[in-house]
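Hi everyone, thanks for coming.

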Amino acid sequence: MFIVVSLAILITMGLALARAIAGPTVYDRIAAVNLFGTKTVLLIAVWAFISGRTDLLDIALVYALINFIGVIAVLKLVTVGDFHSSSVDETDPAKADTE
Amino acid sequence: MIDLIINIILLAFLAITAVAIIRSTNLFASIMLFGIFSLLSATLFVVMDALDVAFTEAAVGAGISTILMLTTLVLTKNHNEKRSHAHRPWLSLAVVIITGMVLVYGTLDIPGFGDPAAPANMHVAQYYINNALPETGVPNIVTAVLASYRGFDTLGEVAVIFTAGVAVLLLLGGKPSIPNSNSNPGINKKREEDET
């Protein structure tokens with residue numbers, strides 16, 4: 001069963017890789033990298049059960065954290081432009097909505 | 001059996017990603033593909049039981065360096081500039097292929113993976129295996145070597161990495177006098193009106 005699951009995850013990784021290579025817009029590629037990171041976490045978790053080393057699950061959790069923070073940083077860089085003018089630009093959509 | 005299949009598929013993905021990075025003319029796509037490349041390498045390291053290397057690869061390769069390269073890309077403002085393929089890389093290709101063949105030839109003499117009779121495992125490794133736990137009290141031998149036997153070396157590495165981090169933050173993070181900053185609310189207001 002774990003073998004089938006790992007093969008399915010690998011196929012999904014291939015699809016995400018194709019989207020990252022082909023993706024026309026910036027957000028396609030960001031979504032593809034995020035998906036790829038999630039599949040990495042899942043593959044490591046499945047591998048933990050295949051090899052019987054369940055301490056790998058902690059590594060998978062840390063990978064999920066790194067992936068999340070990385071995607072947040074990439075999105076902020078793409079939409080805002082840099083890190084330090086965030087407090088002004090972040091409120092822009094909210095102001096636009098309320099106005 | 002399944003680990004062989006996973007290894008082959010992951011290595012094929014690595015090759016596809018590398019070719020895509022080389023062929024890509026969009027710098028943002030290249031950076032994103034570098035992130036995927038690092039994630040693939042980290043997964044391969046996990047499958048090969050090198051947990052600490054995999055963790056470093058995921059944190060530095062997929063996390064930090066992607067963000068650093070993106071920050072550099074944003075700062076240099078050539079987001080949509082196309083890279084040209086005008087140069088003729090035949091000399092470089094020949095050098096790379098010859099170097100790769102020499103390296104592969106060199107691996108033929110390397111003893112097998114995890115071979116207990118390998119020269120690297122015959123000298124100090126035996127000492128660490130026998131004495132690491134009673135001398136340091138750390139159950140993981142790799143951690144014992146890094147944190148106890150080579151403690152000062154690791155401390156120096158921490159100092160180097162901290163210095164590099166401070167330098168990178170100064171280069172990429174500290175530019176308070178541009179129009180798009182908090183210190184100049186009038187321009188921000190104007191820009192906001194233009195956008196809306």
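Let's start with chain B: going along the sequence, its pattern is α-α-α-α-α-α-α-α. That makes eight helices and zero strands, where helices (H or I, at least four residues) and strands (E, at least two) are DSSP runs numbered from the N terminus.

Quick housekeeping. This is a predicted model, where local features need pLDDT of at least 70 and side-chain atom pairs count only at pLDDT 80 or more, while totals for chains, interfaces and linings use all residues. Residues are numbered from 1 along each chain as written, chains are lettered from A and ligands numbered from 1 in written order, and side-chain values use heavy atoms, leaving out hydrogens and water.

So where in chain B is confidence lowest, and where is it highest? With pLDDT (the predictor's confidence in each residue, from 0 to 100), the lowest mean is 43, in helix H8 (residues 185–195) of chain B, and the highest is 92, in helix H4 (residues 90–107) of chain B. Over residues 179–196 of chain B the pLDDT is below 50, yet that stretch has 22 contacts in the model beyond near neighbours in sequence; a contact means heavy atoms within 4.5 Å. For chain B, the mean pLDDT is 79, with 82% of residues at 70 or more.

What share of chain B's 196 residues is buried? It's 26%, with buried meaning under 20% relative accessible area (1.4 Å probe, protein chains only), exposed over 50%, and partly exposed in between.

Among chain B contacts between residues at least 6 apart in sequence, 48% join residues at least 24 apart. Thanks, that's me done!
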